[in-house]
Amino acid sequence: MTIEAIKEKFRVTVCSQINLRQEGIDRYRVFTPFVFDDGDNLAIILKFVDDTWILTDEGHTLMHLTYSIEARELERGTRQKVITSVLSRFGLEDNHGELTIRIVGDQFGDALWNFVQALINISDLTYLSRTRVYSTFIEDLHALIEETVPEGRRGFDWHDPEHDPDGKYIVDCRINGMQRPVYIFALPNDDRVRDATISILQFERWGQSFASVGIFENQEEVNRKALARFSDVCDRQFSNLPANRDRIAQIIRGVIGGASPGDSSPL
Amino acid sequence: MGLQLTDDEIDALLKEVKQVPRDFHKKIRLKEKRGHKEFEINIAGADQSRFRIIFRQSKFNPLDFSVILGYIIPNTNQVFRLRRYNGKSHEHTNKIEQEKFYGFHIHTATERYQIADWDEDGYAEQTDRYSEHHGALECMLKDCGFAGLSADKAFLTGW
C-alpha cells in the first residue's frame, strides 16, 4: 500500500467517526470516537450562543470524574492544578463546572481537537485516585452513639433546617431533648476540624444555644493551628475514641439523663 | 481499582437483599456541586455487604444523569460499580464487542471487562425502560435486590 493510500485510510477512518446531530435550535451533538475508560464517549455539544459558536461538555466531564473522585477533591491540591493547567493550555473556560471552548472564526476543527485533548487530559485524573485504607472511626463513633442515645433523641448529619436548608454546616450527631442540645463533631482529619470550627462559629452567629463536643480520630496528627482554633470554640474534646469510649458514653448518658451543662456535668 | 470480582460474585451482590429504608425519600438530600447535583445513600445488605446508591445529574442538561449501585469495597474508600443507569447525553462504546450506540443505557459490571483492564462497568446495553432520572432509580431498585418497595411510588419522585 502506498503512503498516499495509507494517508487516505487514516483520513477516511478518522473523519468518518466525527458526526453531528441536531438537538434543538442552534444546538448539535458532536459524536467523536473518543471514550472514557468506562466506554462512555466524551459528551460534546456545539452551540451558537451570543453570536458565537462554542463547544461545551454541559458539565459532563467533571461530573464523570466524581464517579471515582469526590467532587471536593477536584477543587484543591494536585487535581485542581492539573485541571487549571489543562484549561489554560488548550484555551477552555470553566463556567461553574461546564467546560467550554469558543470557536474563533472558522476554526471549528482546531477547537474540536483542543477540546477533545483537554477533556481526555482531565479524565486521566482518575489515575490519581487513591485507594485509602478506610478508617472505621466514623462507624465506631456512630455505633457508640447508637448504643448510648435512644433513637428519638439523636440525629446524624444534622443541619439547621431554618438557617441552612442546603446543609452547608453539618453536625455529625445532634443529641436533643435537653434545654441545650449537644452537637457532636467527628474529627478524622484537618479539614473536618476546620469545618467543625466554622460550623460552631456559624451556629453561634445564628444565636443557637448548644454544647459542642469534638471527638478526634487522633488529635496528635491534627495541624496545630487548626487544633488551636477549634479549641477556642469547642466546649469539650476527646483526643481519640478507643481510649475514651467509656468516658464519652458516661458523659452522654449523664447529659441525656438530665444533667444540664450548667451542672457539674462535663459539658 | 484493586478488587476484581467474578461474574458469580457480581451476581450474588446484585441479588443480595437490600432493604429500602422506610424514610428513603428523606435520605435523598440533593447537594449542589460544581456543574452537577448529587446524593449518596449507604445501604446494608442482608449478608452484611455495604452498598451505596449514587446519583449525579448535570445542571446544564437534565438528561445527563447517572443512578449507580456501588459495592463498598471492605476496608477502603473505593466503590465497585455494579450497575449504572445512564441518561441520554453521550454515545457509549462497548470496547470488547466493538458496538456503539446513543441513548439511555445501563452499565453492568462484568468479569471480562475487568480482565481486559477496562472499567468494571465498561459494558452497557441500550434501554427504553426509562426516559428520565426518577424512572432510572425505579429500574435500579427493581433490578438489584431491593426489598420493601412501597406501592406508593411518591417516594421515588418527590425529590
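## Packing around helices and a strand in a predicted model

A:T100 touches A:I54, A:L55, A:T56, A:G91, A:L92, A:E93 and A:F115, leaving aside residues up to four places away in sequence; contact means heavy atoms within 4.5 Å. Strand β6 (residues 98-102) of chain A holds A:T100. Helices (H or I, at least four residues) and strands (E, at least two) are DSSP runs, numbered from the N terminus. A:T100 counts as buried because its relative accessibility is 9%. Buried means under 20% relative accessible area, exposed over 50%, and partly exposed in between (1.4 Å probe, protein chains only).

This is a predicted model, in which local features need pLDDT of at least 70, side-chain atom pairs count only at pLDDT 80 or more, and totals for chains, interfaces and linings use all residues. Residues are numbered from 1 along each chain as its sequence is written, chains are lettered from A and ligands numbered from 1 in the order in which they are written, and side-chain values use heavy atoms, with hydrogens and water left out.

**Helix α6 of chain A.**

At the start of α6(A), a side-chain oxygen of A:N189 comes to within 3.2 Å of the backbone nitrogen of A:D191. After the helix comes A:G207, with a positive phi near 80°.

**Helices α3 and α4 of chain A.** Helix α3 (residues 77-90) packs against helix α4 (residues 108-123) at about 170°, with axes 9 Å apart. Therefore α3(A) is roughly antiparallel to α4(A), a label for angles over 145 degrees. From α3(A), A:I83, A:V86, A:L87, A:R89 and A:F90 meet A:N114, A:Q117, A:A118, A:N121 and A:I122 of α4(A). By class, this contact has six nonpolar, three polar and one charged residues. Ala, Val, Leu, Ile, Met, Phe, Trp, Tyr, Cys and Pro count as nonpolar, Asp, Glu, Lys and Arg as charged, and the others, Gly among them, as polar.

**B:K15.** B:K15 sits in helix α1 (residues 7-15) of chain B. It counts as exposed because its relative accessibility is 59%. B:K15 and B:G45 are 30 residues apart in sequence, and their C-alpha atoms are 9.6 Å apart.

How values were computed:
Polar contact = N/O pair within 3.5 Å; in protein donor to acceptor, adjacent residues only side chain to side chain. Axes fitted to C-alpha atoms, helices over the stretch in contact; angles between N-to-C directions. Parallel < 35°, antiparallel > 145°, perpendicular 65-115°, else oblique.
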